[in-house]
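Please keep the 3D view open as you read.

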Amino acid sequence: MSLLSVDNLSVAFGRVRVVDGVSFSVDRGRTLGIVGESGSGKSVSTLAIMGLLRGASVTGSVTFDGEELVGAPAERLRSLRGARLSMIFQDPLSSLHPFYTVGEQIAEAYRLHKKASRKVAHERAVEMLGEVGIPAPRRRAREHPHRFSGGMRQRVMIAMALACEPDLLIADEPTTALDVTVQAQILELIQRLQSEYGLGIIMITHDLGVVARIADDVLVMYGGRAAERAASARVFDDPRHPYTQGLLASVPGLGRGTEGPGGGRLRAIPGNPPLPSAFPPGCRFHPRCSVALDICATEQPALLGTVRQVACHREGEL
Amino acid sequence: MIVYALRRLGAIALIMLVICAITFAIFYLLPDDPALDACGKSCTSARLADVRHAMGLDQPVLTQFLSYLSGIFAGRTLGTSGLDCAAPCFGYSWQYASPVWDLLLDRLGVSASLAAGAAVLWLVVGVLLGLMAALRKGSLLDRGIVLSALATTSAPVYLIAALLIYFVILQGELLPFPDYQPVLDNPAAWVASLILPWITLAALYAAMYIRLTRASMIETMAEPYIRTARAKGLPERTVVVKHGLRSTMTPILTIFGIDLGGLLAGAMITETMFGLPGLGKLTFDAIGKSDQPVVLGVTLLAALFITLANLVVDLLYGVIDPRVRYA
Ligand SMILES: Nc1ncnc2c1ncn2[C@@H]1O[C@H](COP(=O)(O)OP(=O)(O)O)[C@@H](O)[C@H]1O
Ligand code: SF4
Ligand SMILES: [Mg+2]
């Protein structure tokens, strides 16, 4: 049984359904990468899992360690958050409270979930800061977030997320705001902590390079739906969905797009992703798809396949 | 921080000097002649000259100004009248036949009582209602609160005071007309005389604080660090109070300090309408009677309160917000 199984998850704000029937699963010690352009529903899907969406209607099923989370009491979700399910975000500065020391902020969740004393929790915070590679953790625990660099702040966020030794870490674009060398360090850190703690990880990113580097499985999202879902190696060696192919072709040195007929030329997908209020009928990718058929504009392609799943009318032909 | 505070205090002294000079110049340029009032009804030009001489008004303006300044620190004798005005001497009110400083001290207790009570009321009511509105944004409760805040802000203070006087004192006879007693002499009378003025001022300011708290809280609750607090599994109460309110109170504190500083110098309309013998009423009367030394004294005191309140707020900011560095 998977640590987390998401089945047919949909999320609507009012009458606008921004996530539509998405399914995936994550095992202990494994990493699922969720990729897609901005607005494709990556954050909303995972916030829904965490029970952090306010004013949204969430349907489908999310089972975490055998327990159904959709429709679970808010209090139950709250007791899981920060304890067994953790999340880190894109902008580590604004995600940390400016008025509290990083030590206080890390200790807070530990005190709450482990019923630890202030002192024990503070020790834990210092220990975690050391664990995520912050030098002089005892001294730095007493400093406020604005005294840390971007990369160090993200380390603080990771320390905070992992203080209670959760089973699942959701990382929503954790390296997007960081520069390239720091990005690599943070990814390395996450991987090291994963093997140490046996964490299941969902890595959300619009950067295929990040996914190629650390994901075991990949879910490609487009317009609130799954476009393709498979083991990472398959997706990068042999992308089947025209959208995945387009994504790969737009990144240097990844997949076969660069060695293909284009001869290493980068090709960005023309046009922009649709807004949820104006999702096109049929395949939501059809207005931008270079191989679309007539049927694509009217019929929604089903997500088919076993080892790999692709939602495209032309799956198998291309 | 001490260096910063000292530097700021120096700046305040400079500002006070400038304000003093400007006010002094304005009075000098005004057509009103204080000697005329002091001279009385059967004033002849010879007597007027005598009075002017006695009051020191025949001196060049710069001399007058310098003697005023030195009087603040060293005290002085007024003109040739032989009247002694001990330091700090802010001039002498011929109207009240008293040094201005004594008048100010005498009235300050009333204004401070008024300001402090009103401030507690409006802060509690304003922040609580603003918070409730923000947390239930868009609800009926929110709309009700915002609407009544709007209505109260648009009501002029004399209208609120007049309504309270009419309904509570005249019609309802629930309270006697305010007869101010110092709190230590008679606490019950103190409260009884201040309760309506407190409500008047609090209503006025609470409306503003409701809107301020609401806006600030809505902004804060949309911050990513609030999402982080929820992601940690904190109970919503902790999220709101420890993480939300803490940030929300920072801008409110600034305004609060300045409002309080301003009010200490007297709520002119409120004090006058309720007949409270505070600085505001003193000013009101003094303006009516062109009692320039009193107006000058109150102006300086008000300026001092406001600049000091600003300094206190800025220093407190550093305590609340660790990102603030004094430079
Ligand atoms: N609270 C909300 N109310 C209404 N629409 C929202 C809300 N949050 C996100 N959306 C919309 O849902 C869509 C998916 O957003 P998101 O999951 O954040 O995308 P991303 O894949 O970039 O993380 C976007 O079009 C966004 O505008
Ligand atoms: S279903 Fe049609 S439009 Fe959609 S990706 Fe496949 S070919 Fe393109
Ligand atoms: Mg996102």
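## The sheet of chain A

Ser5(A) stands opposite Thr63(A) in strand 4 of chain A. Before going further, please note that this is a predicted model, in which local features need pLDDT of at least 70 and side-chain atom pairs count only at pLDDT 80 or more, while totals for chains, interfaces and linings use all residues. Residues are numbered from 1 along each chain as its sequence is written, chains are lettered from A and ligands numbered from 1 in the order in which they are written, and side-chain values use heavy atoms, with hydrogens and water left out.

Strand 1 (residues 4-13) and strand 4 of chain A run antiparallel and are joined by seven bridges. Strands (E, at least two residues) and helices (H or I, at least four) are DSSP runs numbered from the N terminus, and two strands pair if DSSP finds at least two bridges between them. The open sheet has four strands in the order 2-1-4-5, with antiparallel pairing. Its edges are strand 2 (16-26) and strand 5 (67-68) of chain A, each pairing on one side only.

What joins strand 4 to strand 5 in chain A? Two bridges do, with strand 4 (residues 57-64) running antiparallel to strand 5. Thr63(A) has Glu68(A) as its bridge partner in strand 5. The hairpin of these two strands has two residues between them, and there Asp65(A) takes a positive phi near 50°.

## Around ligand 1

The shell of ligand 1 includes Phe13(A), Val18(A), Glu37(A), Lys42(A), Ser43(A) and Pro276(A); a residue counts as near a molecule or strand if one of its heavy atoms lies within 4 Å of it. By class, the shell residues are four nonpolar, five polar and two charged. Here Ala, Val, Leu, Ile, Met, Phe, Trp, Tyr, Cys and Pro count as nonpolar, Asp, Glu, Lys and Arg as charged, and the others, Gly among them, as polar. Helix 1 (residues 42-50) of chain A gives the largest share of this shell, three residues.

Oxygen atoms of the ligand lie 2.7 Å from a backbone N or O atom of Gly39(A), 3.2 Å from a polar backbone atom of Ser40(A) and 2.8 Å from a backbone N or O atom of Val44(A). The protein buries 63% of the 570 Å² that ligand 1 exposes when taken alone, using Shrake-Rupley accessible areas with a 1.4 Å probe (for residues, only the protein chains shown count as cover).

## Around ligand 2

Ligand 2 is surrounded by 13 residues, the closest being Cys283(A), Cys289(A), Cys296(A), Cys312(A) and His313(A). Nine of the shell residues are nonpolar, three polar and one charged.

## Chain B

How many disulfides are there over all chains? A search of the whole structure finds one, formed by Cys85(B) and Cys89(B) with their sulfur atoms 2.1 Å apart; the cut-off for a pair of cysteine sulfur atoms is within 2.5 Å. This link is right-handed, with 105° about the S-S bond.

An unreviewed UniProt entry annotates "transmembrane region" over spans of chain B including residues 189-210 and 294-320; the positions follow the numbering used here, feature names are shortened, and annotations may be inferred rather than shown by experiment. Residues 189-210 of chain B are 100% helix and 0% strand, with end C-alpha atoms 30 Å apart.

Technical notes: A polar contact is a pair of N or O atoms within 3.5 Å; within protein, one must be able to donate a hydrogen and the other to accept it, and residues adjacent in sequence count only if both atoms are side-chain atoms.
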